[in-house]
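Hi everyone, thanks for coming. Let me walk you through a structure that may be new to you; please have a look at it first.

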Amino acid sequence: MKKKINLGLTIWLYIFIIATIGMIIFLICFPLISEKHIPIAEKIIGIVVVIILAIVWFLLDQGINTSIKISDDKIALNTVFEKRIYYKKDISILYAIHEHRGRGAYECPCLVIGCWYDNRLCYTKRKFVYNNYFLVLLDYKKLQKILSWYEGKIKLPPKQEFEQFKSKNVKKFYEIIKQHNYNTILLRNGREKENDSI
């Protein structure tokens, strides 16, 4: 079983957004501060330079080009500069809730993956790699892929801490992971009974 999960938005979406903004700035703002008329060839060169700079930026941005690869016994985190491998038997996974404070505040479910046992959760938007763990921002498909691979229980936040969050998405993921933990216990108990009967 091999699966690949890309983290963050796709590079092409970012390139499209930045290139569009760059073109608008170049075509509208620059002629306003310049007294001479800019030939079309120079405009095209300027647009190409903006696109190339955007591509270079995104190639070096962890938040875009980071991915995880799941195989039977391990999970590998790949970034531009490094590759980290975590073996299934050694890692723990915790459910985390990312809170974005300020204008446009939102709550987002994510998983902490790695050999990490601290109680504090820190989240930096564009950095997935920490000393001995990394964070995966989840959508439903990513969650299902990880749950189908991971055979252990995922640590959930205390119920009273969790209840302060209003996001339906956060609550839905909490319930899905809770069910996964319940199924994991049943499966483990079933295996132990089979071993005892043998």
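Before we start, one definition: buried means under 20% relative accessible area, exposed means over 50%, and partly exposed is in between, using a 1.4 Å probe and protein chains only. What you see is a predicted model, so local features need pLDDT of at least 70 and side-chain atom pairs count only at pLDDT 80 or more, while totals for chains, interfaces and linings use all residues. Residues are numbered from 1 along each chain as its sequence is written, and side-chain values use heavy atoms, with hydrogens and water left out.

Let's begin with the charged pairs. A salt bridge here is a side-chain nitrogen of Lys or Arg within 4 Å of a carboxyl oxygen of Asp or Glu, and the count comes to 2. One of them joins the side chains of D90 and K89, at 3.5 Å from N to O. D90 is partly exposed, at 38% relative accessibility, and K89 is exposed, at 72%.

The other salt bridge is between K88 and E151, at 3.8 Å from N to O. This pair links distant parts of the chain, 63 residues apart: K88 sits in the loop between strand 4 (83-87) and strand 5, and E151 in the loop between helix 4 (140-149) and helix 5 (159-162). Helices (H or I, at least four residues) and strands (E, at least two) are DSSP runs, numbered from the N terminus. K88 is buried, with a relative accessible area of 18%, while E151 is partly exposed at 48%.

Now to strand 5, residues 92-100, where we find Y95. Is Y95 buried or exposed? Y95 is buried, with a relative accessible area of 3%. Leaving aside neighbours within four places in sequence, Y95 is in contact (heavy atoms within 4.5 Å) with several residues, including P109, C110, L156, F173 and I177. V170 is also among its contacts, and the backbone oxygen of V170 lies 2.9 Å from a polar atom of the Y95 side chain.

C110 is in no disulfide, as the nearest cysteine sulfur, that of C108, is 6.3 Å away. C110 is buried at 2% relative accessible area, and C108 is buried at 15%.

Note on methods
A disulfide is a pair of cysteine sulfur atoms within 2.5 Å. A polar contact is a pair of N or O atoms within 3.5 Å; within protein, one must be able to donate a hydrogen and the other to accept it, and residues adjacent in sequence count only if both atoms are side-chain atoms.
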